[in-house]
Amino acid sequence: MFGKMKDYLVKELQDLKDQNLYKYERIIESPQSAEVLVKGKKVLNFCANNYLGLSSNPELIEAAHKEIDHRGYGLSSVRFICGTQDIHKELEKKLAEFLGMEDAILFSSCFDANGAAFEPLFTHDDAIITDALNHASIIDGIRLCKAQRWVYKHSDMRDVEEQDPSTGKNLKGLERCLKEAVAANCRFKVIATDSVFSMDGDIAKLRDICDLADKYDALVMIDESHSSGFMGKHGRGTHEYYDVMDRVDIITTTFGKALGGASGGCIASHKPIVDWMRNKARPYLFSNTVPPSVVGATLKCLEILTKTTALRDKLEANTKRFRKEMTEAGFDIIPGEHPITPIMFGKYENCSELAVKFANRMLEEGVYVTPFSYPVVPKGKDRIRVQISASHSDENLTTAIEAFKKIGRELNMIK
Ligand SMILES: *Cc1c(COP(=O)(O)O)cnc(C)c1O
């Protein structure tokens with residue numbers, strides 16, 4: 001009896017298309033790499049989370065093959081029944097070492113890790129204090145638990161409550177939220193934040209967050225999905241970048257971005273927290289184990305990143321060059337250090353259409369970039385979000401920068 005729902009969905013889908021909000025998938029006919037095949041044409045890819053260029057790395061592919069040959073395709077079980085192999089334990093140990101935590105537990109994705117992270121630890125008596133721009137999976141994870149919730153204005157550390165002129169809503173800073181949670185006599189408090197925010201590429205003020213956590217007796221939980229493998233001198237993450245490696249309590253991260261790009265994720269934390277997750281975390285208890293090929297390749301990835309910082313160093317150099325030359329060319333770029341480089345269109349007329357047109361022209365020039373408009377980003381904050389990779393050669397970067405300049409002049413954005 002689909003009839004009534006069918007009419008409803010067909011109309012809603014058409015509405016999405018009319019508002020340019022419908023999600024189309026672009027088909028790639030090659031492995032993920034600096035260069036990909038789209039409609040039979042080779043284009044440079046500047047919009048993957050393939051930060052270290054490991055998605056099609058021969059050593060990772062070989063490691064994945066090796067585990068398929070030795071430990072099979074799948075385990076047909078959750079971890080605690082008969083889905084744990086020696087390599088699952090080994091990966092958890094190596095992840096804990098790499099991230100500088102006591103222990104780690106695997107999940108099928110970081111989405112699942114965030115879905116698991118809160119509900120076993122926090123209940124009515126507790127407080128979760130969360131950045132307004134946190135990733136959907138953190139928001140959903142928090143929804144799954146019964147803790148009291150405070151949302152602080154994005155990266156605002158202050159002890160203030162102010163009205164947002166555009167929405168009329170009252171917004172609080174982190175310290176104000178912590179004070180209110182203390183006043184509410186909450187048992188446990190946790191501050192939860194993305195460590196890098198994917199739309200602006202800005203980095204959470206993790207040292208200030210740790211200081212406030214100490215002052216108000218709160219735990220610190222960070223999602224390192226856009227950091228693990230390359231932030232910090234040895235690529236350990238944002239906690240290394242800020243030199244607070246011993247001050248973070250819970251890390252969630254993905255293997256689906258810099259760490260090989262396939263799938264999977266983990267929670268790394270204090271031993272009793274990880275033990276508790278093994279007993280209580282529902283995505284761990286009721287969802288299948290990570291397949292041997294992914295485990296083997298992720299182990300290889302950590303081995304490579306522990307041996308040498310060459311890839312994160314190359315990524316850093318590529319990022320610096322791209323940001324510098326694009327800024328000098330006259331583009332409006334949100335300053336920062338992260339390989340996520342947003343090129344902003346807000347100051348031009350018809351910025352949404354302009355960003356789409358720009359991206360389409362870039363593809364004609366052989367460079368694949370993605371425009372983002374409302375509601376993915378706020379109105380007037382339209383952008384093309386470029387993501388730099390260690391796999392981009394100097395020549396690739398030159399091609400992309402020259403294409404940006406050419407089209408920027410063509411569309412009267414730069415001189
Ligand atoms: C990509 C991302 C996730 C989801 O990771 P998956 O492993 O793909 O589920 C979670 N959190 C953040 C901040 C992300 O950027």
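Visitor: Which residue of β2 is the bridge partner of Val-38?

Guide: Strands of a sheet pair through backbone hydrogen bonds, either parallel or antiparallel. Here Val-38 has Lys-41 of β2 as its bridge partner. This is a predicted model, where local features need pLDDT of at least 70 and side-chain atom pairs pLDDT 80 or more, while totals for chains, interfaces and linings use all residues. Residues are numbered from 1 along each chain as its sequence is written, and side-chain values use heavy atoms, without hydrogens and water.

Visitor: In what sense do β1 and β2 pair, and over how many bridges?

Guide: β1 and β2 (residues 41-45) are antiparallel, with four bridges. Strands are DSSP runs of E of at least two residues, numbered from the N terminus, and pairing takes at least two DSSP bridges. The open sheet runs β1-β2-β13, with mixed pairing. Its edge strands, β1 (35-38) and β13 (367-368), each pair on one side only.

Visitor: Where does the largest pocket lie?

Guide: Rolling a probe the size of a water molecule over the atoms shows where empty space is left. A pocket is an open set of 1 Å grid points where a 1.4 Å probe fits, with protein on both sides within 12 Å along at least five of seven lines; lining residues have an atom within 4 Å of a point. Domain 1 (3-56 + 309-410) and domain 2 (72-307) both contribute lining residues, so the largest pocket lies between them; the bounds come from an automatic or database domain assignment.

Visitor: Which residues are closest to the centre of the largest pocket?

Guide: Of its 43 lining residues, those are Tyr-22, Lys-23, Tyr-24, Thr-370 and Pro-371.
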